[in-house]
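Subject: Model handover

Hello,

Here is the model for you to look through. Please open it alongside this note.

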Amino acid sequence: MIQTVSAITTVGELLDHGVGWAALRLHEVVVSHSDKDIKRLMDLWVKSPSVAKLGVHFDRNSVLTGSSPRFDMYGNEFGLGKAVAILSGYANKFDGRVTFYPGKEGGGSIDLGICLFPENMVAFESDEEFMSVVN
């Protein structure tokens, strides 16, 4: 089951307030997505089922994030040893897709899976301000 929530802003607001502010907006919409909302959307889906194709339904000038802090991704152990990284596979990969997982180091750290066309990755890697935030 896939459900989406959105935090919408303008370029001006993002430039005025910064990345931390944008992260707080995302946090607020995720936290406000209640059990009641989930059940309502699930009931609607039962009445009119569909299969989501994520890359088709989103504006290509947007960034789509996914995952959930509710799952202990590094806590599972299936007899092969602890995971060294969490990878989500090739399904629903498209330019601009970002997947968040609670970080392996714990303590509020975050691991990201970022899917970008090569030319967009080069542009991000060349952006000093962006790289100063992610490093």
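Below is what was found, from the overall fold down to single side chains.

First, the ground rules. This is a predicted model, where local features need pLDDT of at least 70, side-chain atom pairs count only at pLDDT 80 or more, and totals for chains, interfaces and linings use all residues. Residues are numbered from 1 along each chain as its sequence is written, and side-chain values use heavy atoms, with hydrogens and water left out.

**Fold**

The chain has five helices and three strands. These are DSSP runs numbered from the N terminus (helices: H or I, at least four residues; strands: E, at least two). Their order along the sequence is α-α-α-β-β-β-α-α.

Of the 135 residues, 11% are buried. Buried means under 20% relative accessible area, exposed over 50%, and partly exposed in between (1.4 Å probe, protein chains only).

Take the contacts (heavy atoms within 4.5 Å). Among those with a separation of 6 or more, 44% join residues 24 or more positions apart.

**Surface**

The accessible surface comes to about 10900 Å², and carbon and sulfur atoms hold 60% of it. Areas come from the Shrake-Rupley method with a 1.4 Å probe; for residues, only the protein chains shown count as cover.

Val 19, Val 133 and Val 134 form a nonpolar surface patch with about 260 Å² of accessible area together. Patch residues have over 30% relative accessible area and no salt bridge; nonpolar side chains (Val, Leu, Ile, Met, Phe, Trp, Tyr) are joined within 5 Å, like charges within 9 Å. Val 134 sits in helix α5 (residues 128-134). Its relative accessibility is 46%, so Val 134 counts as partly exposed.

**Salt bridges**

The count is two. The rule is a side-chain nitrogen of Lys or Arg within 4 Å of a carboxyl oxygen of Asp or Glu.

- Glu 28 pairs with Arg 25, closest N and O atoms 3.1 Å apart. They are three residues apart in helix α2 (residues 19-32), so about one helical turn separates them. Glu 28 is partly exposed at 39%; Arg 25 is partly exposed at 23%.
- Asp 35 pairs with Lys 39, closest N and O atoms 3.1 Å apart. They are four residues apart in helix α3 (residues 35-47), so about one helical turn separates them. Lys 39 is partly exposed at 45%.

**Ser 109**

Ser 109 lies in the loop between β2 (97-102) and β3 (110-115). Its side chain reaches the backbone oxygen of Gly 106 at 3.0 Å. Leaving out residues up to four places away in sequence, Ser 109 touches Tyr 101, Pro 102, Gly 103 and Lys 104. Ser 109 is partly exposed, at 24% relative accessibility.

Best regards

Key. Polar contact = N/O pair within 3.5 Å; in protein donor to acceptor, adjacent residues only side chain to side chain.
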